[in-house]
Every structure is written in structure tokens, then in C-alpha cells.
Amino acid sequence: MHTKTHATVRAAGMRKTQMCRSKGIAMHRQPFKLPTMAWWLLVVSGFFHLSIGLSNTFVNIFLFKVDHSFAAIAWYNLLVFISLPFTFVVAAWVARKTSTAMALRIGIILHAVFYAVTLMVGEQAAHMPELLGLLTGVAEGFYWLAFDVLSIEYTDKKGHEPFFGIFGVLTSVANVVAPPVAGLLISREDAFFGGLTGYHVVFGISFALFIAATLLSFRLHSQGLPDLRLFFGFRALRRRPWRKILIASSLYGIREGVFMFLIGLLVYVATAVK
């Protein structure tokens, strides 16, 4: 009797385990669902990074081709990175007073202004790298502060991985496809029309994409940020994990701030592209 009871309980337990496993597998196979606002943020970021991929690689080359020195490029990038931390604070204040979506929209509009200036001024833009660097730094500060906040606001813990996975795919595709297309357009237009016509064409396309991203950003809605506690972030550095993240981010920033633009420029100089 005891043996039969034990066998019955064991069989029931096995059936329950199999049912739980099958339910777990079924739940695991269910497609993830992102909120509508998260999808719109991905669409806006897709247009944004496509525009950045087209032109950002060639801004330094454009400055060098006009000025024929590394001084203009150095001042441009220096002003970009100097203005970023201060802009993050200003962007957070603006997001608190208005909304985070508004801060994102301001960042995209300022990127469009950057390329509008280069289109209107032409080659003279290369002679004011400090202004261009400051404008770029402020634009990036507003955009990335807002994007980082909105990506958390629009997704929950289960949605973080699929959101950033799709975001990574979009940025990777843009970074792979856009630069060769831009390089082809620049070389063809410069060879056909002469001068720096190709750069103006690419910058004009980027300007149009930024305008499209700005219009699409009106689909985004968000609340203002809570109270701005600036020193809370510094107090967090008392914890070892945050210090490790800071060191890793600093090393990554060196790569982004020096090697990424310098390698492309050195390739241009070494190949003697006219």
C-alpha cells in the first residue's frame, strides 16, 4: 500500500513538473511586446543614426580637407567633449521643466542646425571649428541624456534586453551601410562637379534625415524629470560597481574620442585621396 501511494505521488509530481516545464517553454516562446512609445523611440533613433552614419565620419575629413591641418580637427573634437558634461546638466534641467521628449527633440534639432550651418556657410565652416564643436557637443548632450532616460521610461525590466537588442541592430546596420554610401556619393560628386560638392550632398541628406527624425519625435510623450540631484551620482561612486563602470566608460570614451575619428582621418591622409 505504501509503495503504491509513493508511486502515485511520484507520478503526479512528474506530471506536474512536465506541465510546468511545458508552460515555461510556451511562455518563453511567446514574442516580446514593447510599448508603442518604445517602438517610436527606435524609429526616431534609426533615422538619427542613419544620418550620423552618413556624415559624422566625414566631418573631420571635411575640416582637414579645407584647413589642411590637424589643429581645426583638434579644436572641434576638444569642444565637443568639453561641452558634453555641462550640456547633460542643462538638458536634465530642461527635461525637468518641460519633458524628456522635448530634450530629445532639442538635441535632434541642434544636429540639424549643425548641418544647416555647414550647408549655408560652405567651406568657411571649416574655419570656425570651435563653434561647430560646441554646437555638436550641445546637440549630443541633449540627445543622449533624453534617449537614455526615455529608453528606461518606455520599457520595463523584461523589455530592456529586446529594446537595446533592436537598437544595437539598427545602429550596426546604419554604421555599416551609411559610411560606404556617403563615401561613394562624395567621391562621385567631387569627381563630377569638382570642389567639395559631395560633402554638401551628404550633409544635405543628413539634414533632411534629422528633420524627419524631429517630426517623428512628436509621436513621443513623456513626463518631466523629478528633482535634479546632481551630487547623487558622485555619491554613488563610493560603491565599487559604479567605480568599475566609470573606469570602463572612460576607457571606452578614449576609444570613441580619439581612435575612431583619428583612424579614419589617417586612412584618408595615407591613401592621398584628393
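Student: In which helix is the place of Ala-91?

Tutor: The model discussed here is a predicted one. Within the model, the residue Ala-91 belongs to a helix, and that helix is H3.

Student: Is Ala-91 buried or exposed?

Tutor: A residue counts as buried when its relative accessible area is under 20%. The relative accessibility of Ala-91 is 0%, so Ala-91 counts as buried.

Student: How far apart in space are Ala-91 and Val-138, C-alpha to C-alpha?

Tutor: Along the sequence, 47 residues separate Ala-91 from Val-138. In space, the C-alpha to C-alpha separation of Ala-91 and Val-138 is 8.8 Å.

Student: At what angle do H3 and H5 pack?

Tutor: Two packed helices are described by the angle between their axes together with the distance between those axes. Helix H5 covers residues 129–153, and its axis and that of H3 are 6 Å apart. H3 passes H5 in a right-handed crossing. The angle at which H3 and H5 pack is about 35 degrees.

Student: How many nonpolar residues has the contact of H3 with H5?

Tutor: The residues of this contact can be sorted by class. Six of them are polar and two are charged. The nonpolar residues in the contact of H3 with H5 number 18.

Student: Why does Pro-129 count as buried?

Tutor: Pro-129 has its place in helix H5. In space, Pro-129 and Tyr-76 are 4.8 Å apart, C-alpha to C-alpha, although 53 residues apart in sequence. The limit for a buried residue is a relative accessible area under 20%. Pro-129 is therefore buried, because its relative accessible area is 6%.

Student: What is the relative accessible area of Phe-163?

Tutor: Phe-163 is found in helix H6, which covers residues 157–193. Phe-163 and Ile-152 are 11 residues apart in sequence, and their C-alpha atoms are 9.7 Å apart in space. Phe-163 is buried, and its relative accessible area is 0%.

Student: Where is Leu-220 found?

Tutor: Leu-220 is buried, with a relative accessible area of 2%. Leu-220 and Met-37 are 183 residues apart in sequence but 6.1 Å apart in space, C-alpha to C-alpha. Leu-220 is found in the loop between H7 and H8.

Student: Is Leu-228 buried or partly exposed?

Tutor: Leu-228 lies in the loop between helix H7 (197–216) and H8. A partly exposed residue has a relative accessible area between the 20% limit for buried and the 50% limit for exposed. The value for Leu-228 is 40%, so Leu-228 is partly exposed.

Student: Which element gives the largest share of the nonpolar patch?

Tutor: On the surface, Val-89, Trp-93, Leu-228, Leu-230, Phe-231 and Phe-234 form a nonpolar patch with about 620 Å² of accessible area together. Two or more of these residues come from helix H3 (71–97), and two or more from helix H8 (230–236). The largest share, three residues, is given by H8.

Student: How many helices does the secondary structure of the protein have?

Tutor: Along the sequence, the pattern reads α-α-α-α-α-α-α-α-α. The protein has zero strands, and its helices come to nine.

Student: What percentage of the residues of the protein count as buried?

Tutor: The protein has 274 residues. Those with under 20% relative accessible area are counted as buried. Their share of the protein is 37%.

How values were computed
Residues numbered from 1 in each chain as written. Predicted model: local features only at pLDDT ≥ 70, side-chain atom pairs only at ≥ 80, totals over all residues. Heavy atoms only, no water. Patch = residues over 30% accessible without salt bridge, like charges linked within 9 Å, V, L, I, M, F, W, Y side chains within 5 Å. Areas by Shrake-Rupley, 256 points an atom, 1.4 Å probe, with all protein chains shown as cover. Salt bridge = Lys/Arg side-chain N within 4 Å of Asp/Glu carboxyl O. Helix = DSSP H or I, 4+ residues; strand = E, 2+ residues; numbered from the N terminus. Buried < 20%, exposed > 50% of the residue type's maximum accessible area, 1.4 Å probe, protein only. Axes fitted to C-alpha atoms, helices over the stretch in contact; angles between N-to-C directions. Left-handed = near helix turned anticlockwise from the far one by under 90°. Nonpolar A, V, L, I, M, F, W, Y, C, P; charged D, E, K, R; others polar.
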